[in-house]
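Here is a short report for a reader who is new to this structure. Please look over the sequence and the model, then read on.

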Amino acid sequence: MNHEHEWGEATVWEKNWWGNCCNTFGEEFKQLAYADKMGLKSYHNGKSPFNFNLQGKTVLDIGGGPCSLLLKCINVSGTVADPCDYPQWTIDRYNTAGIASIKIKGEDLSSTATYDEVWLYNVLQHTDDPSLILKNARAISKLIRIFEWVNTGVSDGHLHDLTKENLDLWLGGEGQVGYIEQNTAVGKCYFGIFLGDNYENP
């Protein structure tokens with residue numbers, strides 16, 4: 001189902017929710033809980049315990065917003081794809097970190113490039129067509145890591161009431177569902193690691 005008009009309004013809501021992006025700690029704190037459920041293992045580099053070593057992989061973060069988890073990664077060729085307007089300094093920070101950023105809807109991603117991993121976390125509720133986004137994610141990935149809230153109903157900025165049944169169908173696999181209460185991330189969630197269309201046996 002297409003929600004283009006509602007999506008436009010939801011995107012404005014999302015932009016206003018982030019504001020000037022100067023204090024994103026609350027969301028970044030929750031992202032660490034998402035990362036744990038997505039199977040990402042952090043390490044301490046002597047300055048911070050919140051680092052992820054991607055061992056040279058290419059990673060696309062769909063809907064990564066102004067403070068993608070990629071900012072906490074090393075040994076990664078990272079790209080953030082997000083259609084929302086964020087302050088220019090957040091784009092400059094990505095550039096400084098060696099992270100590419102493209103202003104594009106997940107529904108409009110093409111299969112011209114292939115990524116070792118595609119990440120989606122706390123994003124599909126906000127989108128126009130989550131099934132199409134996951135179809136595109138599968139087409140351009142070897143592996144998909146995902147964390148999403150489920151059975152939440154709809155509200156301002158959240159157009160979809162995601163379910164395990166639909167997510168399993170769209171991802172072509174079976175994710176886990178559980179109740180999380182970690183790092184101020186509280187609720188029923190869906191998470192897992194799935195094979196993309198370009199998966200290669202090691």
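Ile91 counts as partly exposed, because its relative accessibility is 24% and the buried class ends under 20%. This is a predicted model. Ile91 belongs to helix H3, which covers residues 88-96. Ile102 lies eleven residues from Ile91 along the chain, and their C-alpha atoms are separated by 9.4 Å.

## The largest pocket

The volume of the largest pocket is about 560 Å³. Its lining counts 36 residues, and those closest to its centre are Glu14, Gly63, Asn122, Val123 and His126.

Which elements supply the lining? Helix H1 (4-18), helix H2 (25-37) and strand E8 (185-195) each bring at least two residues to it. H1 gives the most, with seven residues. Sorted by class, the lining of the largest pocket holds 18 nonpolar, twelve polar and six charged residues.

## Leu32 in helix H2

Helix H2, one of the elements that supply the pocket lining, also holds Leu32. Is Leu32 buried or exposed? Leu32 is buried, because its relative accessible area is 14%, and buried means under 20%.

Beyond its neighbours within four places in sequence, Leu32 is in contact with Phe50, Phe52, Lys72 and Asn183.

## Strand E6 and its partners

Strand E6 spans residues 141-149 and is mostly covered. Eight of its nine residues are buried. E6 pairs with two strands named here. With strand E5 (residues 115-121), the pairing is parallel and has six bridges.

With E8, E6 runs antiparallel, and seven bridges join the two. Here Leu143 stands opposite Leu195 of E8. In a regular strand, side chains alternate between the two faces of the sheet. E8 also supplies at least two residues of the pocket lining.

## Helix H4 and Asn136

E5, H4 and E6 together make a β-α-β unit, and it is right-handed. H4 covers residues 130-139 and includes Asn136.

How accessible is Asn136? Asn136 counts as buried, because its relative accessibility is 11%, and the cut-off for buried is under 20%. With neighbours within four places in sequence left aside, Asn136 is in contact with Gly106, Glu107, Asp108 and Leu109.

Most residues other than glycine have a negative phi. Two residues here are worth a look on that point. Asn75 is not a glycine, although its phi is positive, at about 50°. Asn75 is found in strand E3, residues 73-81. Asn75 is partly exposed, because its relative accessible area is 46%, and exposed means over 50%.

Thr184 is also a residue other than glycine with a positive phi, near 65°. Where does Thr184 sit? Thr184 is in the loop between strand E7 (176-182) and E8. Thr184 is exposed, because its relative accessible area is 58%, and the exposed class is over 50%.

Key
Residues numbered from 1 in each chain as written. Predicted model: local features only at pLDDT ≥ 70, side-chain atom pairs only at ≥ 80, totals over all residues. Heavy atoms only, no water. 1 Å grid on protein atoms, 1.4 Å probe; cavity = no way out; pocket = protein on both sides within 12 Å on 5 of 7 lines; lining within 4 Å. Points joined across faces, edges and corners; volume = space filled by probe spheres on them. Helix = DSSP H or I, 4+ residues; strand = E, 2+ residues; numbered from the N terminus. Nonpolar A, V, L, I, M, F, W, Y, C, P; charged D, E, K, R; others polar. Buried < 20%, exposed > 50% of the residue type's maximum accessible area, 1.4 Å probe, protein only. Contact = heavy atoms within 4.5 Å. Pairing = 2+ DSSP bridges. Right-handed = clockwise from strand over helix to strand, strands pointing away.
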